[in-house]
Structures are given as C-alpha cells and as structure tokens.
Amino acid sequence: MKLLAFCFGLFAVVRAHDEEFREHLHLRHLDDGRVSALFSFTTLLKDTAPRSPLSIGEDDIPQHYTLFPLALGQVLREHAVTEVHLTLNAGKWDYTRWGYPEDPAVATGAELWAWMGESPSISIDERWKGLRNSLAGLFCASLGSLDEMRTTSPMYSFRPEGSLPLFNQTHKLRHALLPSEHVCTENLTPFVKLLPCKTSTGIASLLNPHRLFDADWHGMGVHVKWDPKTGISVQLNFQTVLDPVRHSSRGQRVDFSLKTLFDREIPKACPVAADSVIDVFMAEGEYNIVAPGPSIMEGELAKFIVPELPMPLDIAVRWPGEASNLFMNVLQYSNHAPASKQNSHPTNIEVLRTLTGATQSYGKLHVEVKNNLDSDVDVIYVETMPWLVQFYIHTLKLSVDGKERQDLLKHFSYKPSEAHGRPMLFEGVLTVPAKSTVRLTLDVLKSFLRYTEHQPDAQRGWDLPPAVFIPITNNNSSEGRILRRLYTPAVLVDLATPDFSMPYNVIIMSSTLIALIFGSVFNLLTRKFVALPVEGPSESEPSTGTK
Amino acid sequence: MAYAIPAAIAGRFLLSFTSIYDSLKYDHLLTSPLTSYPRLQEGVFLYKHGIDPYSGGGFYHSPLLLSLFSTVLPQYSPIPQLLWASCDIISAYSLAQIWRLRSKDETGRRDGRIAGSYLLNPYLFLPSLALSTSSLENALFLTAIVFACRGKTVPSLFTLALLSHLSLPSVLFLPPFVMLLHVSPTSALASATKESTLRLGSSIKSFFIFAICMSFASVCNLITTGGWDWVYRTWGTGLLLPDLSPNTGLWWYFFTEMFDHFRPYFLMVFSVHLLIYVAPVCMKFKHDPLFAIFILQGLLAIFKPYPTLSDPGLFLSMISVFPEIFPYLRHPIVTALLHLHASLLLPLFHSLWLAQGTGNANFFYASTLVFGMANGAAVTDCMWAGLRVAFGQKDGVEYVQE
C-alpha cells in the first residue's frame, strides 16, 4: 500500500508538470516461429507547441522537464523542429514472412526526415544540417553523412504524422536515407539515457543489448510529433525480430518467455510510467499463456498491466501440442509455414526491387509491385538515389503480365541528380490493378567517381537507399484494408574503381604524352628547314662495308 | 569502283534498320556524355514533361539539339538512324566537294576514294551507328569548310557557330576559317611564300558576323530553355569535367586520379592548352588555311575534353584531301601500326575493366595513351609533310630542321 501511495504521489507530481510517460511492449508471434517485439516509450509534453522558427535568434524560454528527455528537447528547440523521425535499422524486414511491422519505418540503415517551418534568420537547410549533426552526436550515429548528397524534399510522400502549427510560414520537408549505417549497441546506450527509468525498472529493463543486437532484425526509432489537442510527443521505439528457437533452453521449441527472449525479467514497474502494458498478440494455433494470466483478453490480444502483476515479472507462451514432435515442428514453422499459407498473404502489397547488369557502366532496374487485394490500389513510388546511379526516365516501361501498360503511371515528379552533388528524387503515382503484378523496368547509368570520392572499401560497392511505396488510401472504400508504407531492401551497386595507388603515375604519364606531342608540334613549327647535301653511297659504303 | 560508293551508301542506310544501335548506345568509345544519344533522349523526355533538363542529371547537349528533337524530328526508330546515315552521306559528299574545290578538279575522278575514306572509316561509322551526335558535328564541320572554300562568309560562319554550340572547342577554328574565307582553298603548301590576301578590315567583319551568329543561336537557346542554365550544363561541362566516364581522350583518367586541391588548376591548364596551338598553326600555315584547319582538328581530337572515336576518325579521313603530302610522310607505317594496336586494345581493355572485371582501369588508361600516341604521330607527321612539301625532291639534298 505504501508503494502504491508513493506511486500515486509521483503521478501527482508528473501531472503537475503536464508530462506523461507511457511504456508499452508489443509481442507478436510470427508465422515462421519468430517473435516480433516492439518496445515503445512515449513521453508527452502536454499543452505545448513546438518552437516557432520566427523566434530563432531570440532567447528561448527556459527548459525544465521531469520526464521529457532534455537532451532531445534542446535539439528540437534549438533548430525549431516541428516533427522529426529518425530510425536506425539493421537487416532486411521480410514482409512476406513477417507481415507489416508495428512501426512502419523499417528502412535498412538510417532514415531521417523532419518538417521545419521557414525562418527569416536561419535557412531550413542550415537548421537541417544542425539537426542531423546534433542527432548524430546524441545517438552516436554517422548521421552527419546524411548531407546534401543524400537529402531530398519529397513533394507527395512523407506527409506529417502529427499536425503542423501555423507560424505564418510554410513548413518544408527534408528527408535522407543512408543504407550503409548500422545500428549497434553504442546507439542503444544514448537511447536508454533518454528514458526516465533507464533500464533499471519497467519494460525498459528488458532492453538487453546482448539479445537485441543478436536478433534477426533490429532497429530503433525516434518519432517526435505535435498534436494541438495533446501536445508534443516523443516516441522512442525499439523494434526487433527474435528467434525463440535459437534461444530455447529446452530443446528446439518455438515457446518463448520474456526470460528466454531477452534473458531478463522485469524486476519492478517503472514508478513514473502512467501506463505500462505488455501486449501479446497470438494470431492462431493452440497455445497457452503460462503464469501470470493476462490482465485483459481482447480477442487475440492478451494485455498485461505491469504494475498490477507480481514481480519479478516473466510472461511465457507455450504450444503444448508441439511437445510430441519438437524438431520437425520447428522445421515446419521455419520453412513450411509460409508455403502452407499461400492463400493468405501477410501484406496487401508486395514489392521487389533488383538491379541487374553485368557491366560497371550501365544496368537495369527492375521493380515489381504486387497487389493482393480485390481492388485497384494507387501507390506512390518514391525513389531517392545518390548521383552514383543515374536514371534514364525515358526508358521507364510498365507492364502487367507481359503487356505494356504505360498508362499505369498516372503522374510523376522528378528532380534529376547533380554530378558530385544532390541526389535524384522520383515520385510517381502508380496504379496497381487488382490481383496482379506491375513490372517496372528502367535503364540506369553507373557513375564514375573521382578517386577521392570512393569509400575506403571501394571494391565492396555502394548501398543504394531503399525505394518506398506508400499506398494512397481513399476514404470512400473503407473495407478494412491495411495499407502502410513499404520499404524495399537496399541494393548494392558495383561501381568502377580507378587504381588508387596511381595518382602520381597518371599525372606523370599523361603529362609526358601531352608534353611529347606539344614538344613535337612546336619543334616542327619553330625550327627552320635547311638543305643538307647527302653523301653518295659510293663514298660511304667502303667505311661501313664490314657491318 | 564505280559501284563501291553507291553500295556503301546503300549499306549504310540498310544498317539503320538493324538493332545494332541497342548494342552500341552505351559504348564509351563511340559516345561521350556530350554526344550520347540516350542522354539526348532523356533530355527531350524531361523537356516534354515540363522538367528543365538543365536543372541537373546527365544531360549536356546543346538546346539546339533539344529543340530540334523535341519539335521537328520524331525519335521513333529508324528515323534517327536514317538521319545519322544522311549526315554521314552529307559529310562524305562535303569531303568530296572540299577535294574538288582544293584541287580544281571538276572531273571527280577521286571523289569515290575521298567519300570512301569517310564512309568506310570504322572510327566514323561506328560512332554514327551508336547515334553519337559527333557525327552531326562532323557534318556541320565539313559543311562549314565547303562554304568557307566557296567564300560564302555568312553560311560558313553560321554553320561554325552552330558547331561551336554543339561542341565548344570548335570555336578555336574561327581564325583559320576567317583566313580560309579570304584565301583560295587550293593547295599552297608547295609555294609557301605565296602572298596572303587577308585584309584586316574584312577579317574583323568576319569575326563580327560570327559573334552575331553565336548570339543569335544563344538567344534561340534562351527562348527554348527560358534561362541560362544551359551555358553551365553544355559549355561548362567541357571546362569543369563533372562526368568522368572513360573515353578515348586524355582528360578523364587524369581528373579521376587528380588531387582535389589541384583540380581547378589543372582544369585551367588543360583548357588553356587547347588555345596555345591556334595562333602558331595559323601563322605557320597562313598560305594554306585549309591545312591549318586540318592540323588543328587533329590536335583538338587528341586534346579535347570529351572526344569520341569520330574526332580522330575525321582527321584520318581528311588526310585524303591532301595527297600532296603523302610522299613526304616520315613514318606512316608506324602511325598505322599504332592505330591498329590502339584500336584492338581499346575495346578489349574497356571490356576487361568494366564488363569482365579481370583487368583494372590502368589497362584501359594505357590503351588511351597508345591511342593518343597514334594520333600524335599522325598529326606531327602530317605537319612535317605539310611543311616539307615546300622544298620538293632534289637529288643529293636532304632537308632537315636545324
């Protein structure tokens, strides 16, 4: 009772500061036996608005927060950012096996996009530079590389998820992708520091780096947005796909518990959390949830309210029917489950992108968009490409079942790349007919780089950013279809490399040839012709006759 | 022989209907970024879709070509192929005309051989099959010479202005063209002391006409594109070398390997280097400006920023107009062997580096050096022979330079 009273006391303090912290863990059993876990920590700063960019240059109001991460708040206010989304992911999210992720931002590598209002004193591009450098410092990530060579301003995609305040100035979007950036434990440490309970109590205590970075897929995200009704919210997400079979201590089983997944239990609830819930979503099949029982059962969703449960807390899920044929079942889960479910597709839209071509001078981009729904879907196809690869838009061909269908691309906006500079941005609205696959092909030209522009591991090639597909939902046909944005995996492109050891040799040899021709030409042009009498062969032959 | 040229022309047109273009269109030897047809198509596509093709991307063609292909000429195969074939025929015809005007030979006995040297030159017809716009440039260049030989100032200088818009280094041909307009195109190599009929007043007038033609084309470009971005994208590309695609020239690998802090300096050196040759060559061959144009063309083919095979190819074909120098060539065999060597090495090493992946960039770079050597040998040999002609053959006397 005393503890409860203490908690209530704290809540009262929290409410007084108009801040609210909620933590949430969503566990989902996937078709292939893996478990997707989404840790979500939301801090709400109530009844506040983002800093107006018009006030940049003036002294900012003092910042005092109890729960809201100060380090992040300072960055947001310094650059007057209204909305920002940062994700750092490692691996390829397999939509065909795992379905839609809970947090849709699953681009391989780093993705950063921000909405900022225009300011008369400091330009958006300068603040964007400041923002990415600040976030790079805050999260120990190479976000500084998200420079002008990676930054685009999409027109139709990446609309704000929250609201944009009216500052009497227009808001602009900056978006950048860096597929070669990988999330690792040095990014998690600063991430955890932004949480009020760190990893000592509450759901965050399950954030065990040994398990999270060992997962088949893992990524972290920071989403800051503003809602005029509630205020500024900061959502810190950690999403991961774990394989319980690999960590199973009792033979090869798909059973899992918090202990087997994370090698941790929740020692006690986070006292400042207004809400602390663990959801376990079980799609189908015979399973038991072993001790403790869920607080609330909503259909296939079992809800556990952490403060109400005995500590330390561990939640275990078992498949009792599996006991007889353990290993075979695992195989069946890993390999045969998707095949047996061919009729039910995990996602409504499926996308595939490949780059073909054997030479290092040009290639062909193939994109396939498959619609599993019974109605046509309009999809925004967003392609941001560094100048390393140049598109020949005039070669863009669309076909369905081998028949050319150029009409499927309704309209597009295109901003060409600039050599050694900004990237290309292509946004096209593509109609995908019901139950069919649209194939898109495009010739691409691979660029030739200066020797100083190559990466240290030049022969490895370059990671090209993922393409993004955003289905357009029209409100008229609300038939409960889930349409969320999809990312294709990153593509590796092999660019021609010069010889890195030869700059001096090339300068010397080219200069020699030029000097030789220059010298010969001016030799001929400047010297006078003279006539020399040639000695007759009869006189010279005797002297050289022995040769 | 009588049927050879009609057969070559017919064959050239027949090739337009094959799909050979598709396998050559991205070839670095035949097309440079400034002359590549797919890039032109991309620019026309963007222009038709309301996107400024000069706002970025790899489009470096002149707005003249942009307006030509976006309005008059359809791009459907085989229309461009037929246009390129026609350009080849025009070039070959112009080359034969130049010979007639130079030799005062109206019988046309050597016409077949002259036209054949253009139509059957692999350095020329392969870029043409790849629809490299350098074939159009060659046609403009030879047409401008024909006009100049006939003393038609405005058509000649207007054609040269168009050529300069397509390829900026061609502006260096202006001084010898002005000289050619005022001097007979007949061979004066053997009588080097012939008095020049060039007058200052008329020369200045010619320069002025050229400036008007250039401005006129620029204003057309301004109206087409609605801005001056094309200047940076077309002429600026030749000076700043943003695209480092391999070609047969000397610039691309030099600036791939160049240290960043020396890049602007060496770009300046390479550009200024092109200017150096104009005055001395014009002064030395002031009695025969057509020969000066020929020598300058050879030098530009070696040293220009984005050459294709058709630049040195044009020089080699133009040799046929100057048969009087043949007896005085010092090392034609060496030059021919160097060219044979380079023409085998270039495609081979290009493929080894970029397609097979078994060779590296140095292989191809080395073969461009051999090719540069071959072109240098050809130009210096022709230059020597052009100077040596003046002294004729005399028994017991050998002419050397002191």
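Predicted model: local features only at pLDDT ≥ 70, side-chain atom pairs only at ≥ 80, totals over all residues.
**Entry 1: a strand pair in chain A**

I began with strand S17 (residues 377-385) and strand S24 (residues 468-472) of chain A, which run antiparallel and are joined by five bridges. Strands here are DSSP runs of E with at least two residues, helices are runs of H or I with at least four, and both are numbered from the N terminus. I count two strands as paired if DSSP finds at least two bridges between them. For Val379(A), I found Pro471(A) as the bridge partner in S24(A).

Residues are numbered from 1 along each chain as its sequence is written, and chains are lettered from A and ligands numbered from 1 in the order in which they are written.

I then looked up the sheet around this pair. It is open, has five strands in the order S20-S21-S17-S24-S25 (chain A), and its pairing is antiparallel. S20 and strand S25 (486-487) of chain A are at the edges with a single partner strand each, so one side of each has no neighbour in the sheet.

**Entry 2: the eleven-strand sheet**

Chain A has another open sheet, of eleven strands, ordered S5-S6-S4-S3-S7-S8-S2-S1-S10-S13-S12, with mixed pairing. Strand S5 (151-152) and strand S12 (296-298) of chain A are its edge strands, each pairing on one side only.

I checked strand S4 (residues 109-117) against strand S6 (residues 171-178) of chain A: they run antiparallel, with eight bridges. Ala114(A) stands opposite Arg174(A) in S6(A). Helix H4 (residues 124-139) of chain A lies across strand S3 (81-90), S4, S5 and S6 of chain A. H4(A) runs at about 140° to S4(A). Axes are lines fitted to C-alpha atoms, for helices over the stretch in contact, and angles run from 0 to 180 degrees between N-to-C directions.

**Entry 3: domains of chain A**

The assignment, automatic or from a database, gives domain 1 (22-339) and domain 2 (349-493). I read 27 Å between their centres, taken over C-alpha atoms. Their contact takes 20 residues from domain 1 and 24 residues from domain 2. Contact means C-beta atoms, placed from the backbone, within 7 Å.

**Entry 4: chain A against chain B**

Next I looked up the interface: 48 residues of chain A are in contact with 51 residues of chain B. Strand S18 (389-400), strand S20 (409-415), helix H10 (503-526) and strand S27 (529-533) of chain A each supply at least two residues of chain A's side. H10(A) gives the most, with 14 residues. Val397(B) in S1(B) is the bridge partner of Pro533(A).

The predictor gives the complex an ipTM of 0.95 and a pTM of 0.89.

**Entry 5: chain B**

The unreviewed UniProt entry places "transmembrane region" features at several spans of chain B, including 265-283 and 362-384. Such annotations may be inferred rather than shown by experiment. Residues 265-283 of chain B are 95% helix and 0% strand, with end C-alpha atoms 29 Å apart. Residues 362-384 of chain B are 100% helix and 0% strand, with end C-alpha atoms 32 Å apart.

How values were computed: Contact = placed C-beta atoms within 7 Å.
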